[in-house]
Amino acid sequence: MSNSAERRQEIYDKIKESSRQEYILSEMRRLGFWTDENVDFNKVNTFFKEEGELSKELNELLKKEKNIADIDAFIANKHKERKRLSKEKQKETKEKRALLKKEKADKWRLKKEQEIVYLGDGFSHQLNDIATDVNRLKTLNLPVLQTAKDVADAMKIALSELRFLTFSRKNSKISHYKRFKVAKKSGGFRLISAPMPRLKKAQHFILEEILNKLETHPKANGCVIGKSILSNAEPHVNKAVVINQDLKNFFPTITYNRIKGVFKSLGYSEQVAVIFALICSEPKILDISLLGENYFAQRGNRFLPQGAPCSPAITNILCRTLDFRLDGIAKKYGFNYTRYVDDITFSGDKEQLKNISAILKYSRKIVKDENFVLHPEKLRIMKPHQRQEVTGVIVNEKPNVNKKSLKRFRALLYQIEKDGIQGKSWNGGNNVLAEIDGYANFIYQIDKIKGAVYKERVAKILGTFNYKETHREKYVKDKVASSNNLQSVIKNFFKSVFSVFKK
């Protein structure tokens, strides 16, 4: 019985695999009732297959017809089918979106690693332009930098650090500058912005690798290597008239757009120019304390900070056209012209006295045309019977130091030698030893014979009080010796004072 049942099951399985007719045909052929001579088995098999397919289609149609007859069942099945297809579509869409999201995130992460794409409102839209005038950069012997990545690599810093130094936030807990006020000789205060170490390093790169390689106008003397207040004063010695003018709010007048324009004019791309301009500028900052936290809130547009390494060099580049025009008008009327940062000086002999009005008129027009403003209260017209002074140097007969200041300085040295440094100061500063050292060097650069005497006296005082130069104070002294630049000395001295506060 068992073998019979197995045989029967085997027959059923074969019938299921084909059809009843095909099974009978194959068995009749196997048993020898039909042969190839009697039957064309290929045609018969083809017929049976076609019949089987048609039967299957017919059964499906009959099944559908039966379902359609039951409207509710038909609708339920259709709804069920649509729901299934919808779920499959949703799953497919979800997987596709997840894949796209991941691809986008990976692409964005890679882009951030290789590019800077956002630096704050008002700046980021300019970062897409990397068109660079390579030929002009090579002609000027400047480094060819086309992208932010090039800049970061040249500065030997990570792209993330460059982004940190340039990102412009409306409100932030971080400030890249230490700001303090310095009393002006004429009254009021001057805001000094000392860059923090990382920003200062980036600014020094721009100064040394780019700005210092550019030519300045021959009559520009401020913060120019090899020039000083002495070179600025010498052309005006022993003149019948000396005219001194001052550019009002000089550094704040040089805005972010003008700074960016300097780097664009050199051939750098918009992206690189934006980065350099952000490094070299700062906004007006309002210090705010809120819930125990200190914030630095930006107010107004960015401008050139006074006290940063790049600032004087940028002013000399921006003022090239101003210098050419003012020097041209000076030569036309027989005057000499020099400029030391924001101090403009003209001088002439007796024959040129009649041209003073023309010099004043046209210089005012030229300054206005170049987007600067003359300070109305700082115009000085000095004749020989008056003390003629150019950037702190007396020029009546020869370059000399102000006698009143020299007398005060001599008295201060005597008091220090007699009573010590307690309660003593020079020109309102906080570090009297550094101040007298700096002023002695100033005297020496104007008059080496007279200055040598004061330097010797000051050296003894410094030795008496165990005066040790900090790194920044040594830098100030070296600067005096190498460039004889008083304003540079003063600025760097205040940086040395800042370093004390920082410690």
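At what angle do helix α14 and helix α15 pack, and how far apart are their axes? In this predicted model, the two helices meet at an angle of about 165°, and their axes lie 10 Å apart.

- Helix α14 covers residues 320-332, while helix α15 covers residues 356-369.
- Because their packing angle is about 165° and angles over 145 degrees count as roughly antiparallel, α14 is roughly antiparallel to α15.
- The crossing of α14 past α15 is right-handed.

**Who meets whom**

- On the α14 side, the contact is made by L322, R325, L326, I329 and A330.
- Facing them in α15 are I359, Y362, S363, I366, V367 and D369.
- Sorted by class, this contact of α14 with α15 holds 8 nonpolar, 1 polar and 2 charged residues.

**Aromatic rings**

- Searching the whole structure turns up 13 aromatic pairs.
- Y268 and F276 form an edge-to-face pair, because their ring planes stand at 85°, and over 60 degrees counts as edge-to-face. The centres of these two rings are 5.6 Å apart.
- Are Y268 and F276 buried or exposed? Y268 is buried, with a relative accessible area of 1%, and F276 is also buried, at 0% relative accessibility.

Terms used
Residues are numbered from 1 along each chain as its sequence is written. This is a predicted model: local features need pLDDT of at least 70, side-chain atom pairs count only at pLDDT 80 or more; totals for chains, interfaces and linings use all residues. Side-chain values use heavy atoms; hydrogens and water are left out. Axes are lines fitted to C-alpha atoms, for helices over the stretch in contact, and angles run from 0 to 180 degrees between N-to-C directions. Helices (H or I, at least four residues) and strands (E, at least two) are DSSP runs, numbered from the N terminus. Angles under 35 degrees count as roughly parallel, over 145 as roughly antiparallel, 65 to 115 as roughly perpendicular and the rest as oblique. A crossing is left-handed if the near helix is turned anticlockwise from the far one by less than a right angle, and right-handed if clockwise. Contact means heavy atoms within 4.5 Å. Ala, Val, Leu, Ile, Met, Phe, Trp, Tyr, Cys and Pro count as nonpolar, Asp, Glu, Lys and Arg as charged, and the others, Gly among them, as polar. Rings of Phe, Tyr and Trp (its six-membered ring) pair if their centres lie within 6.5 Å; planes under 30 degrees apart count as stacked, over 60 as edge-to-face and the rest as tilted. Buried means under 20% relative accessible area, exposed over 50%, partly exposed in between (1.4 Å probe, protein chains only).
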